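Trainee: I would like to learn how to read a model like this one, feature by feature. Where do we start?

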Amino acid sequence: MWIIHNSLHGNSEQISKTIAEDLKDGYDVSVDSIKNISPEDIAKDAPYGLIIATRIVAFRSDNEIREFIKNMDRVITKPISKVAYFSTHALGWKNFFIKGMKKTVEKAECFEEICPEFLEVKMEKAEGPAVEGADVKIQEFISTLREFMK
Ligand SMILES: Cc1cc2nc3c(=O)[nH]c(=O)nc-3n(C[C@H](O)[C@H](O)[C@H](O)COP(=O)(O)O)c2cc1C
């Protein structure tokens, strides 16, 4: 399984690592920034599952990671069975923030099943930390992922 992020302040990286740590007992999990890996690296691994961390930038899902997914779609020959995504943000949550990512993920032909639920985690400020109660939400999402990835 792969968990990819494009973390600047470390918020989505931290949550990616928390999820990875938790799923490690059942899966071989790799976590990395899209700055260190290429779409070909993922294609080579032919993962069963993919979790995408999305930072919200200027009221939208981060374009760089959406572009990475589009490039993945060009090089992946063995479809990824299970795909999920989550986001971190610092302002009040608006559902349209995630629409771009939803569209990109749904359009990707290399993804089979997409998790119908996603996680959004609010930060106290851009650099973090997460607001109170986020830990519980993250743990609930991990339970959802465990069911979904079966
Ligand atoms: C340039 C920039 C623009 C941002 N725009 C938004 C925004 O429109 N809405 C929002 O809720 N948060 C916004 N944020 C906050 C980030 O989404 C938040 O800090 C996120 O957790 C960053 O993830 P990271 O730590 O993994 O980089 C912005 C942050 C930066 C640096």
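**Reading the strands, the core and the ligand shell**

Mentor: Start with a pair of residues: serine 87 has glutamate 120, in S7, as its bridge partner. Keep in mind that this is a predicted model.

Trainee: How many bridges join S5 to S7, and do the strands run parallel or antiparallel?

Mentor: A pairing is read from its bridges and its direction. S5 and S7 run parallel and are joined by four bridges.

Trainee: What does S3 pair with?

Mentor: Take the partners one by one. S1 and S3 run parallel, with three bridges, and tryptophan 2 has leucine 50 in S3 as its bridge partner. Strand S4 (residues 60-61) is antiparallel to S3, with two bridges, and isoleucine 56 stands opposite serine 61 in S4. The hairpin of S3 and S4 has two residues between the strands, and alanine 58 in this hairpin takes a positive phi near 50 degrees.

Trainee: Is S3 enclosed or open?

Mentor: Count its buried residues, taking 20 or more other C-beta atoms within 10 Å as the cut-off for buried. Eight of the nine residues of S3 are buried, so the rest of the structure largely encloses this strand.

Trainee: How do I read the chain as a whole?

Mentor: List the elements, then check the dimensions. The chain has five helices and seven strands, in the order β-α-β-α-β-β-α-β-α-β-β-α. A compact globule of 150 residues would have a radius of gyration near 15 Å, and the chain agrees with that at 14 Å. The C-alpha trace spans about 40 × 35 × 25 Å along its principal axes. Of the contacts with a separation of 6 or more, 77% are between residues 24 or more positions apart.

Trainee: Which residues have the most contacts inside the largest nonpolar core?

Mentor: This core has 36 residues, and those with the most contacts inside it are Ile3, Ile51, Ile52, Ile69, Val83, Tyr85 and Val105. Elements giving two or more residues to this core include strand S1 (2-5), S3, S5 and helix H4 (99-107). Take tyrosine 85 as a case: setting aside residues up to four places away in sequence, it touches Ile51, Ile52, Thr54, Met101, Val105 and Phe118.

Trainee: Is glycine 100 buried, partly exposed or exposed?

Mentor: Count C-beta atoms again, with 12 or fewer meaning exposed and the range between the two cut-offs meaning partly exposed. Glycine 100 has 17 others within 10 Å, so it is partly exposed. Glycine 100 lies in helix H4 and, beyond neighbours within four places in sequence, is in contact with Arg60, Ser61 and Arg66. Aspartate 62 is 38 residues from glycine 100 in sequence but 8.4 Å away in space, C-alpha to C-alpha.

Trainee: Which residues come nearest to the ligand?

Mentor: Ask who is there, then what kind they are. Ser7, His9, Asn11, Ser12 and His89 come nearest among the 18 residues around the ligand. Helix H1 (11-23), strand S3 (49-57) and strand S5 (80-89) are the elements that give two or more residues to this shell. By type, the shell has nine nonpolar, seven polar and two charged residues.

Methods:
Residues are numbered from 1 along each chain as its sequence is written. This is a predicted model: local features need pLDDT of at least 70, side-chain atom pairs count only at pLDDT 80 or more; totals for chains, interfaces and linings use all residues. A residue is near a molecule or strand if its C-beta atom, placed from the backbone, lies within 6 Å of it. Ala, Val, Leu, Ile, Met, Phe, Trp, Tyr, Cys and Pro count as nonpolar, Asp, Glu, Lys and Arg as charged, and the others, Gly among them, as polar. The radius of gyration is taken over C-alpha atoms; the globule rule is 2.2 Å times the number of residues to the power 0.38. Two residues are in contact if their C-beta atoms, placed from the backbone, lie within 7 Å. A nonpolar core is a set of buried Ala, Val, Leu, Ile, Met, Phe, Trp, Tyr and Cys residues joined through C-beta atoms within 7 Å. Two strands pair if DSSP finds at least two bridges between them.
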